[in-house]
Amino acid sequence: MLILLSFLLRVMWNNITLCSICKFSPSSPSLLFSRSRILHHVFERKYKDLCKQTAQILQNRSCQVAKRTCNMLPSRLVSNKAKYRRYTKTYPVLDGRIPTVYQHVFEENLRNNKAVIQRYSELLEMVSKGGGENAILRHTQRNKKLFVRERLKMLLDDESFLELSPLAGLNLPYGDVPAAGCLTGIGKICGVWCVFMANDATVKGGTIYPIGVKKQLRAQEIAMQNRLLSVYLVDSGGAFLPLQSELFPDKSDGGRVFYNEAIMSAMKIPQVAVVCGSCVAGGAYVPTMAEETVIIDKIGTLFLAGPPLVKAATGEDVSPEDLGGAKLHSKVSGCSDHFASSEKEAYECVRNIISTLNYEPLPEEVIEYDGPLYSSDELLGLAPRGYNYTLPVKLILSRLMDGSRFQEFKADYGTTLVTGFGHVEGHLVGVVASNGELSHDASLKGGHFVQLCSQRSIPILFFQNTAPHAAEPTSISQAEAHTNRLKAQASMMAAVACAAVPKITVVIGGCYGSESYVMCGRSFSPNFLFLWPNARVALVDSRHFFTIPKAEDNDCKEDESELNHLKEKLEEESSAFYSSARLWDDGVILPQNTRKVVAQCLEIINQQKYQVISPCQYPVIRM
Ligand code: COA
């Protein structure tokens, strides 16, 4: 009996060991199987009882091994809650209390921001109606199409998406073009972040204005920089003919959109198009150049010249359907790859196409993070109405960083620039924030810090509020100091330009002159650039630049009125809305939404980490 028991225990022990090994070593299951079979035959009953105990032991062991294995995996593959919280908890907490001496400045900023936000809401409301109520009625009832915003609701996973430059096209020399006639943004389809470009046919038949070309090119640039797949909803009468000279011949005009489609395809950035209205002339190339295209029966047509032009040229009456409808392009021309009998079916088809792209959606990681210790609503009192109303930028950072925690770099050196590390909704970022004029020391520190971030592959978040004008030198020594500063700023500019990490710029105050380049302005290609509504964008500040001479004689009066006129012009051209209308940025965002928008951008940028990127090849060419 004793011999039998000791044999049994030995076999069990072997089995436990083997099981533990087999659990994590794929090479040994057959060995385990054969041992189990022997056991089964010889000691069947006893084996069953002991098996229960074995299973318990195995479970405990495998838990331990699994835990050990998890510890060895890169942190982003396992829940990194514990680690993240451990490290960030030790960053110092910023003191975000607003000293009472600043109270009057705070109040003044608050008043200004309430007024600009009111204007911002009015403009957004206006833009949300596209070409206006009559045009929407004509579009939906006569033409039986869905309004562009309804289309997006059907296409995207969530109703909320990051809309880019919604105010583009307002109050331009050639009039108002709501949303530049084309909605662009980034939303999730089948769990994957995608850039979309959707014509709004309620704005002059979806025809393309110069600002519409600029908006589409910017959306494509974002898609390329962040490797985001792109979806085009095409419903466009082609070029807006009265402005043809501004649309056609130059490098960054209409044709660039088609050029980019080929380049993006060669970069392995997939592109899908839906023909959901008329696609005439230039509009016809967008879907034809896309990698896969869906056309919707009855409402989708695609041709280089429409029925009126055919009639004028040949005298022949031809219906849009016969000339370039869904059946023709699906069965005869091959310009489209999928036929959809309704809009709903078309967007479902897009989702199916996207699920064939072999794209890995972002893993659904739940990262726990602390909110800032101070209310984000107070940012409205800190967003300066002018440079003179600027308060210490750490008051702003304390309302934007997780837990108001900030690991400052060179806290006591070059203090007119604040640099350091923090988290935004769990994402580690390097922060470069204006805190006064960009002095020599501040620029050196900025350059050093930007290189650190680049070295460590940490995205950089610029908070820009640059000085409206540089003080004129009044002595040789001051002139020398200015030259040194110039040199240091040039170094920082070079560091910013060449930092191979994602960059996001938020203009929280002034975007003036050359310092704005150093702080990663538009020409330094940040992945995203947003303005707060109080922001002012100009080479010089109208409020500081002029000293108007007193009117004594007629000449002086003329000068005075000219200067006043120039000042008014500058004042108007400096507003955030003027900038956004011209697409000098990716949109105006509310200060209290900054954390959400920045976190969304960081997540979008992150998506490419999960793609298998193979070298550029040839584009997909339609056969
Ligand atoms: N340039 C300038 N304006 C244009 C335009 C163009 N290419 N195409 C349409 N519009 C304007 C129309 O004049 C109309 O303006 P209004 O509202 O001020 O009257 C508005 O867009 C809507 O056009 P409408 O024809 O009423 O709408 P629709 O939905 O029935 O048809 C189109 C839309 C685009 C299919 C149709 O207008 C069309 O075929 N346009 C010609 C397209 C063309 O030949 N383009 C060549 C570009 S190179």
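**Close-ups of a predicted model**

**View 1. Gly 237 holds out its backbone to the ligand: one of its backbone N or O atoms is 2.9 Å from a ligand nitrogen.** That pair is a polar contact, meaning N or O atoms within 3.5 Å of each other. Ala 239 has a backbone N or O atom 3.0 Å from a nitrogen atom of the ligand. Lys 204 uses its side chain instead, with an N or O atom 2.6 Å from a ligand oxygen. On its own the ligand exposes 860 Å², and the protein buries 58% of that (areas by the Shrake-Rupley method with a 1.4 Å probe).

A quick note on the model: it is predicted, so local features need pLDDT of at least 70 and side-chain atom pairs pLDDT 80 or more, while totals for chains, interfaces and linings use all residues. Numbering starts from 1 along each chain as its sequence is written, and side-chain values use heavy atoms, leaving out hydrogens and water.

**View 2. Here is the shell of 14 residues around the ligand.** To be near, a residue needs a heavy atom within 4 Å. Arg 142 and Asn 143 are among those that come nearest. By class, the shell has 6 nonpolar, 5 polar (Gly counts here) and 3 charged residues.

**View 3. Helices H8 (residues 210-226) and H9 (residues 255-266) pack at about 15 degrees, axes 10 Å apart.** So H8 and H9 are roughly parallel to each other (angles under 35 degrees count as that). Their crossing is left-handed: the near helix is turned anticlockwise from the far one by less than a right angle.

**View 4. Helices H17 (residues 440-456) and H18 (residues 476-498) also pack at about 15 degrees, with axes 8 Å apart.** H17 is therefore roughly parallel to H18, and the crossing of H17 and H18 is left-handed.

How values were computed. A polar contact is a pair of N or O atoms within 3.5 Å; within protein, one must be able to donate a hydrogen and the other to accept it, and residues adjacent in sequence count only if both atoms are side-chain atoms. Axes are lines fitted to C-alpha atoms, for helices over the stretch in contact, and angles run from 0 to 180 degrees between N-to-C directions. Helices (H or I, at least four residues) and strands (E, at least two) are DSSP runs, numbered from the N terminus. Angles under 35 degrees count as roughly parallel, over 145 as roughly antiparallel, 65 to 115 as roughly perpendicular and the rest as oblique.
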